[in-house]
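Biologist: Before we discuss any labels, please show me the model. I will then ask what each label rests on.

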Amino acid sequence: MQHFDLIVIGSGPGGYVAAIRASQLGMQVAVVERAELGGICLNWGCIPTKALLKSAQVYNYTQHASEYGITIDGNISPDFEAVIKRSRTVSETMSKGVQFLLKKNNITVIEGFGRIEKDKTVVVAEERYTAQHIILATGARSRQLPHIPQDGKKIIGYREALTLPQLPKSMVVMGSGAIGSEFAYFYASMGTQVTIVEYLSQLVPVEDEEISSHLGRAFRKKGIKVITSASVENVDTSGELCKVIIKDAKEKVTEIACEIVLSAVGITTNLEGIGLEEYGIQIDHGKVWVDDFYRTNCEGIYAIGDIVRGPALAHVASHEALICVEKIAGLDVHPMNYKLIPGCTYTSPEIASVGMTEQACIAAGREALIGKFPFTASGKATASGNRDGMVKVIFDKQTHEWIGCHLIGDNVTEMISGAVVAMNKKTTGRDILHSVHPHPTLSEAIMEATAAAYGEVIHL
């Protein structure tokens, strides 16, 4: 029976980061993985969807080439099969990269389904391994609605959406979170007639209402039909087309026919069959209970990523992995601040945000200074031809601390990191105004929005 200092079950952005950091800190480490290295993020989530969206962006540029003084002779059309193939190639490349990193860091990879048993034993295909510490990082999968089960053909989840054999003419997307909105934008860009049905009152429900409204306008302009405050009651797949029955908040029922229904109504944790109940590991509201350093109620067993509390995001899992492993190694670490987790949605326009929304401030009774700056007034955005969007910043009126940043526009997901760092350091609005921002850039819009919050707008 082989023994390790640490065994990590799952090789997603939580698992492989935990394994590599542990190896760097001198531990003998093994990773158990039943599928592709890199987990859902690299193979069936973050990375392949971004590859699809890049293809959509390139296609969009070709359609508007004349606006940039470029003439394209001949017909321009997407090769859907080639787009899907490129996406899969990108994922395979990244998965191989994880394989290389694990090998470089002398980490043992054990292929198969891992299950924990007493005395910190992990069983994989009848083979037994022991460890001083075990980290559970088993991730999640597409949530199934009991009354609308996915069949993988007409009613699909994100996996099938990444590998459809041909472009559907029509699609209904259930749910408008990041997954639903990104696929809606991609397929609409390729030429599919898309309808989004969202149960809550706004698109991308976790975002600031103003940002959500802006995305709704952009989607409708693109030809995407948006139905909010509504639910899909039933899907009849018996005919050639799906018959989707939708009920709105006023109990009005409508029917939409489409080729494909994409279910993007959330995720379900992968906890079945890994030995939690037998080991006595505590479950809280469908997730593994952990303390601030990801220790379960059982000594030597830890959990990170989608299976614990907090946002189910790759960068969250990776940071939890670092905190967990460094705590195991005895380093001086601090708990994560879950109030300052950045969120990104890679539609066009993109959305990026961190901190409190305006609605959250109102609900908390917190007085705020709010500043906005539209990209229509940005020289860089105008030059790039992508003026759709805005920056919205929120400061505490009493302390002037920066407590919220909400962006929608071209490439804004690359701008949010600076706001995250600044807000973690309790930066004030005056700190931003007293810092020099480069011109012309999209990022200077944050400074301009801050100036607006303080009534000091002096630029276009």
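Biologist: Which residues do ring pairs link into a cluster?

Modeller: F80, F183, F186 and Y187 are linked that way. This is a predicted model, in which local features need pLDDT of at least 70, side-chain atom pairs count only at pLDDT 80 or more, and totals for chains, interfaces and linings use all residues. Residues are numbered from 1 along each chain as its sequence is written, and side-chain values use heavy atoms, leaving out hydrogens and water.

Biologist: Why is the pair of F395 and Y454 called tilted?

Modeller: Rings of Phe, Tyr and Trp (its six-membered ring) pair if their centres lie within 6.5 Å; planes under 30 degrees apart count as stacked, over 60 as edge-to-face and the rest as tilted. The centres of F395 and Y454 are 5.9 Å apart and the planes are at 55 degrees, so the pair is tilted.

Biologist: What makes F395 and Y454 count as buried?

Modeller: Buried means under 20% relative accessible area (1.4 Å probe, protein chains only), exposed over 50%, and partly exposed in between. F395 has 0%, so F395 is buried; Y454 has 14%, so Y454 is buried too.

Biologist: What lies over the face of W44, and at what distance from the ring centre?

Modeller: R88, at 4.0 Å. A charge sits over a ring if NZ of Lys or CZ of Arg is within 6 Å of the ring centre and within 35 degrees of the ring normal. The charged end of K327 likewise sits over the ring of F293, 4.3 Å from its centre.
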